[in-house]
Amino acid sequence: MTGPHMSPEEFRRHGHAVVDWIADYWSSLDELPVRSRVAPGEIAAALPDTMPETGEEFDAVLADVQRMILPGITHWQHPRFFAYFPANSSPAAVLGDLLSSGIGAQGMLWATSPALTEVEQVVLDWLAEGLGLPEAFRSGGPGGGVIQDTASTATFTALLAALHRTTDGAARAEGVTSLLRVYGSEEAHSSLHKAVMMSGLGERALHTVPVDPRTRRMDVAALARALEEDVAAGLRPVMVQAAVGTTSTGAVDDVAAIGPLALAHGAWLHVDAAWAGTAAVCPEHRWINEGVAEHADSYVTNPHKWLLTTFDCSAFWVRDSAALRGALSLLPEYLRTPAAESGALTDLRDWHPQLGRRFRALKLFAVLRTYGRRGLAEHIRAGVAGADRFASLVRSDERFELVTEPVLGLVVFRLRAGDEETRRVMEELNDSGEAYLSHTTVDGSTAMRVAVGGWRTTPEDVERTWRALTSLVPADPR
């Protein structure tokens, strides 16, 4: 390389080398320990203290990725990565993301690259139809969709829209008061807590609702009491979040029952289906969205979890975007264009806190086109089948017990011997590098989580993980 910029020929050569590296990496994953084994600070210590004074060849960069960085990677694409919900990075998505990076466009306005906005709207309409979501979430009407970076941002955005609607715009102009309340179950994702903090409402504004001890779903009667008591005390409900597939146990809140309560108190209903929502690409799993069509003001699910799309890609829909745009729209002089001022089109910068936006829709476009509805459904079904098989193995071994009934691709279980033994076995399995599981706490007791859904995971990986796990447990004396 004769200067700081690669020639097209050099880029082509190095680009082929990077694709080859990724293909080799995927091919070799089965031989690598799933979880990184480096000590804290080890990777940082291996890197130079300062940037190089003069540019280096890209060959050296790729070599150092292999030599210095790869040892510090926990391999989320490993076929026996079961610790957290999947973060699939399928070949089609990677190539779509590469195209997005190569194009390098910025889609803050329709005018700055019309395709970024229009492809995103069309692709989210495709996805909404594919998941059986209501017509109200499609573009062309008062509602529509937008790709956020994560479900955490989507939840925060929903809360900002809810605040705008509840206060008739006063929250935007004057700030918030301490009399507003937000509701979610004990199993709600921590992003709801963070959204309440970031909005300025403060942590006390979050009213945590108990769950049914058996199903882990939000206790709807307890929510009704909380709403009534708060209103009687002079407080005003702003938003209720219903969880469809909680992180801890996969619980699915009763949206059909929660919706009328939110409506009766003028509260925005946000449905957090970050993990489980994409399972609705299979008609037999659309039960998870019962009540969404009738009641949800907003809905989020992450194609970057279970739907084969490289992180980050979080699909967020609203029934009516007026409150969203009211809360977030600004048009300084440097963003004014005839198209923006005409009101005849959508500028998606008004649909989330950020101004700048990547062409995220291109990787989702690539995934939906290359897999198709049938391919996506087959992938989801494989994950559910893997979890069902793992659950059957748990049931067949007296040393173990299921903590909750499996939900889709998630199994939550523990050793009957208790918390200490459950933690020991899980950590020994994780330390072995053979597989990677995570833990949670249910009713004060430790449990292990197996989340099946990786794009490279096979039935043999499920069996192999079970064999490795049970080999660490003393034989049942009976």
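Guide: Axes are lines fitted to C-alpha atoms, for helices over the stretch in contact, and angles run from 0 to 180 degrees between N-to-C directions. The model discussed here is predicted.

Visitor: Are helices H1 and H3 roughly parallel or roughly antiparallel to each other?

Guide: H1 (residues 8-28) packs against H3 (residues 58-69) at about 10°, and their axes are 11 Å apart. Angles under 35 degrees count as roughly parallel. H1 and H3 are therefore roughly parallel.

Visitor: How many residues in the contact of H1 with H3 are nonpolar?

Guide: H1 contributes Arg13, His14, Ala17, Val18 and Trp21, which meet Phe58, Asp59, Leu62, Val65 and Gln66 of H3. Two residues of this contact are polar and two are charged, while the nonpolar ones number six.

Visitor: Which strands are at the edges of the open sheet?

Guide: The sheet has four strands in the order E8-E9-E11-E10, with antiparallel pairing. An edge strand pairs on one side only, and this applies to E8 (400-402) and E10 (438-442).

Visitor: Which residue in E11 stands opposite serine 438?

Guide: E10 and E11 (residues 445-451) pair in the antiparallel sense over five bridges. Opposite serine 438 stands arginine 449.

Visitor: How many charged residues are there in the lining of the largest pocket?

Guide: This pocket holds about 560 Å³ of space. Its lining has 30 residues, with Phe85, His189, Asn302, His304 and Lys305 nearest the centre. Helices H6 (151-166) and H12 (303-306) each supply at least two lining residues. The lining divides into 13 nonpolar and 13 polar residues, and the charged ones number four.

Key: Residues numbered from 1 in each chain as written. Predicted model: local features only at pLDDT ≥ 70, side-chain atom pairs only at ≥ 80, totals over all residues. Heavy atoms only, no water. Parallel < 35°, antiparallel > 145°, perpendicular 65-115°, else oblique. Contact = heavy atoms within 4.5 Å. Nonpolar A, V, L, I, M, F, W, Y, C, P; charged D, E, K, R; others polar. 1 Å grid on protein atoms, 1.4 Å probe; cavity = no way out; pocket = protein on both sides within 12 Å on 5 of 7 lines; lining within 4 Å. Points joined across faces, edges and corners; volume = space filled by probe spheres on them. Pairing = 2+ DSSP bridges.
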